[in-house]
Amino acid sequence: MSTAAADPAPLVVRTVEIDDVGDLLPLLPHDDPATTMSWVRRGEGIVGWGAAARLRTDGPARMIEADAWWRRLAGRMIVRDEVGVPGSGPVAFGSFAFSRDSAAGGTLVVPRVVVGRRDGRSWLTVASPAALGPAPTLAQARGAVTPVRAPGAVRYRDGSLTADQWQAAVAEVVAAIRAGQVQKVVMARDVLARTSEDVDVRHLLRALAAEYPGCWTFAVDHILGATPELLVRRDHGLVACRVLAGTIRRTGDDDDDLRHAATLARSSKDLEEHELAVASVAQALGPYCTSFNVPEAPFVLHLPNVMHLASDVTGVVDATRGPSSLALAAALHPTAAVCGTPTPEAAGVLARAERMDRGRYAGPVGWIGADGDGEWGIALRSGVVQDARTVRLFAGCGVVAASDPAAELAESEAKLLPMRSALG
Ligand SMILES: C=C(O[C@H]1C=CC=C(C(=O)O)[C@@H]1O)C(=O)O
């Protein structure tokens, strides 16, 4: 089921080129987690604020309904785009729950203002129901800017399970895998952060982007984070997915880390986890592609906190009649990197073992343009702003027959680190 504020009047969308803005994140004018949006990597991408149109969806068809709503809305817009690059012109940011049964559902938001930067070019997009007026300026579009605040002191407490309970749950899942019920299950846990000052999402986003420039720093409708995993990008018919599964922690010592990277690349436990994740992407994407490439072996992706086995899967779809980036995200979700193998059985096992609703964590997050192109990540290494001073952090680990609960707990702590250090 979906609800939009009303069937909105046709939006007028205007994009103009502006002087190089440098950093995008400092442009965000306010701290409202409902209407502060980001999709930024290595200083490029888009940020947005305000809401010219908004859709809320639920249930198994939450992404497909959102895709249809966007197609209808985009089809009725009056557009003047003087830049014509991915992310200019009309865009909607979205985030969707991991589970079809989650109360968290999904959201698509068309920001009132978007600022983008790509290949040295910067642009400003303004969307409103008004008639096409004079070209907007960045200062007008930002309006009143509030100062960025740090969250102050932070106290952490257990989420749905204590660390011991979570390790016991992982042990039960390992037993179920060894008994042949499933092959792989991704087990997640949550931790609650309580801050002494109100949370300003801009503070967290800037810290994440500074520490994890190679990740996509995202924010949409209360969830934010820095994810290394690209569920799908569609750009003029070219489709790309960055599949991650199989992890080792960084030690901080470069020589040790290089040795660990070599160990990871040979680890049969991690290679098994990774192969299952790649297979799930290949199976879901294959039917939509006219050609398709899956690398023979993964490479090791180095992040400041962990290293992952990574594979870049690419394909070609029909750019005019093929599925949109959001439809592809719907087809791919949930991959075995966040759910397990086989998908339905793993989803059942994790729902029982985790004893929590994952909400938007591990769901698709990203943006879509009027032509259906866009980028969708998996909302990992993330937190949900639950109220002014509470952020719920999440992290998960792929569990296979050879997994050890204590090692998985340590891995989940390493994956919580980006959000913990952003909180200060
Ligand atoms: C589920 C998460 O990570 C996935 C992505 C990369 C590596 C993973 C792993 O090695 O377990 C997980 O499959 C998470 O970060 O919350």
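Predicted model: local features only at pLDDT ≥ 70, side-chain atom pairs only at ≥ 80, totals over all residues.

Residues are numbered from 1 along each chain as its sequence is written, and side-chain values use heavy atoms, leaving out hydrogens and water.

Which residues come nearest to the ligand? Thr247, Ala337, Tyr361, Arg381 and Gly398, out of 18 around it. Around means a heavy atom within 4 Å. By class, that shell has eight nonpolar, five polar and five charged residues. Gly counts as polar here, and Tyr as nonpolar.

Now the polar contacts, meaning pairs of N or O atoms within 3.5 Å. The side chain of tyrosine 361 places an N or O atom 2.5 Å from a ligand oxygen. For lysine 415, a polar side-chain atom is 3.1 Å from an oxygen of the ligand. For glutamate 273, the distance is 3.3 Å, again to a ligand oxygen.

How much of the ligand does the protein bury? 100% of the 390 Å² that the ligand exposes taken alone. Those are Shrake-Rupley areas with a 1.4 Å probe.

Which elements give two or more residues to the shell? Strand E16 (238-249), strand E24 (390-399) and helix H9 (405-423). These are DSSP runs, at least four residues for helices and at least two for strands.

Last, the record. An unreviewed UniProt entry annotates residues 164-415 as "domain: Chorismate-utilising enzyme C-terminal". In the model, that span is 35% helix and 35% strand, with its end C-alpha atoms 18 Å apart.

Definitions and conventions:
Polar contact = N/O pair within 3.5 Å; in protein donor to acceptor, adjacent residues only side chain to side chain. UniProt positions renumbered as here; feature names shortened; annotations may be inferred.
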